[in-house]
Amino acid sequence: MKRCFFLLLLLAILPLPVQAESMDLHPGESLQKVLDHAPPYAEINLHPGLYNGSVSIHHPVTLKGKKGAVIVGNKSGHVLSIYSNDVIVQGIEIKNSGLASRDAAILVDSARNVKLYQNILKENHTGIFIKGGGRHSIQHNSIHGRDEHFSKRGNGIYLLATDQNNISNNRLTNVQDGIYVDESNSNQFLKNQVANSRYAMHFMYSKTNEAGYNTFRSNINGFMIMESSDLTIHRNKLEKHTNFRGYGALIYNSQDIDFDQNEITYNRTGLSLQKTENVTVTSNQFNGNTVAFQADKQTTDVSLSNNEFAGNIVQTQVERDRFRLDSGRTGNHWDDYRSYDVTGDGIGDVPYQSSSGFSELINKQPPMQFFFESPAMVLWQSVEKMFPISSGASGIDQFPIAQERQTSHPLIFSPILLIITILFFRWVRKARLSKNL
């Protein structure tokens with residue numbers, strides 16, 4: 001009896017769960033009026049059709065769209081503005097923001113715990129602008145900017161002074177910067193795709209951010225990192241940034257960067273470090289770039305290890321002579337390195353030196369890259385290893401990973417074979433002449 005009494009008392013004290021009110025909205029009805037009068041945490045369902053913006057949200061609600069639900073702005077200011085915590089916007093197409101520098105399809109201003117899922121944003125200046133606050137989740141959105149020069153577009157996702165957000169699985173095309181991170185810390189950027197934009201991801205004055213598993217393709221730059229620190233850049237694909245000033249990743253005046261397990265392929269320059277310190281470059285693949293790795297004189301404390309450099313026209317461009325291209329204990333795999341591993345420890349017995357007369361020639365005469373890997377250039381590089389002619393700054397890997405044993409080196413030994421062949425034919429000719437006599 002006492003047990004039943006206590007159970008009843010407990011039920012009377014504890015609040016019962018309240019089911020959120022669900023509301024349906026049809027084209028022609030005022031979205032702003034419904035948003036203003038909906039109770040907190042109500043769910044508002046938009047049926048297919050057009051709804052007029054601009055609209056704003058000032059208390060927690062869930063705004064869901066069925067396929068074909070579109071909020072259309074009046075081409076002035078923001079289309080949807082969120083000023084409340086705990087708002088969810090899902091499955092809605094939003095278009096026609098204004099054209100001012102920060103006009104956006106969705107503005108999130110000084111709020112926390114906002115969720116933006118599976119929305120389609122197009123024909124806007126900026127896609128999503130998050131200002132202040134934090135702990136938002138921005139996932140599975142599709143953002144397509146206007147089809148004009150990138151200087152006239154806004155950013156896809158713009159973070160300003162906001163922390164601890166998760167930005168994942170978004171697809172962004174034809175914007176200025178895909179994801180622009182300004183004075184924002186401790187954010188995660190995972191599995192996003194950015195193409196046909198200026199910079200796929202742009203960090204400014206930001207720290208302790210993570211960017212992983214993203215795919216950046218055919219932009220001017222993949223990563224543009226400036227004045228930032230404590231960043232983890234890992235397992236990204238940086239492809240086809242082939243503009244004459246294009247980079248897979250450019251890191252400028254930044255500190256404490258971990259750059260590991262990325263695939264950097266077919267870029268004008270793979271990774272460039274400028275005025276940067278304490279950078280760890282580990283287990284990346286640099287394949288098919290015009291220049292794979294670049295560092296200026298003011299870059300210090302760089303560690304490179306277990307990276308693969310293959311099929312690049314120029315492996316490295318460094319401005320400081322004897323720039324260290326290893327970690328102090330472990331080096332890298334270079335496809336143009338030829339040596340032996342007598343001790344069998346997997347490390348070549350001769351240090352790898354990155355500079356060459358061919359790379360210097362390319363810097364002065366870029367069309368000469370047409371002859372990359374031609375027999376003449378391979379022969380030239382083989383001879384140069386015996387008689388160095390480069391006068392420029394060079395990088396040194398003291399612990400290069402040894403190549404697998406090869407049974408033959410026809411291009412390297414071709415001069416010897418040529419001499420042997422000539423002597424053989426001379427001997428045969430002389431023998432025949434002697435026989436005839």
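Is D177 buried or exposed? D177 is buried, with a relative accessible area of 1%. Buried here means under 20% relative accessible area, exposed means over 50%, and partly exposed is in between, with a 1.4 Å probe and protein chains only.

Ground rules first. This is a predicted model, where local features need pLDDT of at least 70 and side-chain atom pairs count only at pLDDT 80 or more, while totals for chains, interfaces and linings use all residues. Residues are numbered from 1 along each chain as its sequence is written, and side-chain values use heavy atoms, with hydrogens and water left out.

Now the overall picture. The protein chain has five helices and 41 strands. These are DSSP runs numbered from the N terminus: helices are H or I with at least four residues, strands are E with at least two. Of the 437 residues in the protein chain, 47% are buried. The chain exposes about 22500 Å², and carbon and sulfur atoms supply 54% of that area. Accessible areas come from the Shrake-Rupley method with a 1.4 Å probe; for residues, only the protein chains shown count as cover. Next, contacts, meaning heavy atoms within 4.5 Å. Among contacts in the chain with a separation of 6 or more, 45% join residues 24 or more positions apart.

On to charge pairs. Side chains of opposite charge can pair when their charged atoms come close. A salt bridge here is a side-chain nitrogen of Lys or Arg within 4 Å of a carboxyl oxygen of Asp or Glu. How many salt bridges does a search of the whole structure find? It finds five.

Next pair: E93 and K122. Their side chains meet in a salt bridge at 3.7 Å, N to O. E93 is in strand β9 (residues 93-95) and K122 in strand β12 (residues 120-122), so the bridge ties together parts that are 29 residues apart in sequence. E93 counts as buried because its relative accessibility is 18%. K122 is at 31%, so it counts as partly exposed.

The closest N and O atoms are 2.5 Å apart. R146 counts as buried, at 19% relative accessibility. E148 counts as partly exposed, at 29%.

Now a charge without a bridge. D182 lies in strand β19, residues 177-182. D182 is buried yet has no salt bridge. Which side chain of opposite charge is nearest to D182? It is R102, 5.7 Å away. Lys and Arg count as positive, Asp and Glu as negative; His and the chain ends are not counted. Leaving aside neighbours within four places in sequence, D182 contacts Y158, L159, L160, A161, M204, Y205 and S206.

E183 has a positive phi of about 55°, although it is not a glycine. E183 is partly exposed, with a relative accessible area of 45%. S186 is found in the loop between β19 and β20. Its phi is positive too, near 60°, and S186 is a residue other than glycine. S186 counts as partly exposed, at 36% relative accessibility.

Another backbone point. The peptide bond from G53 to S54 is cis, with omega near 10°. S54 is in the loop between β3 (49-52) and β4 (55-57).

One more loop. R235 lies between β26 (229-234) and β27 (237-239). R235 is partly exposed, with a relative accessible area of 38%. Leaving aside neighbours within four places in sequence, R235 contacts G212, Y213, N214, D260, Q261 and N262.

Last stop, the surface. Which residues gather in a patch of negative charge? They are D230, D256, D258, E277 and D301. Patches take residues with over 30% relative accessible area and no salt bridge; like charges are joined within 9 Å, nonpolar side chains (Val, Leu, Ile, Met, Phe, Trp, Tyr) within 5 Å. The place of a charge is NZ of Lys, CZ of Arg, CG of Asp or CD of Glu. E277 lies in strand β32, residues 277-282. E277 counts as partly exposed, at 37% relative accessibility.
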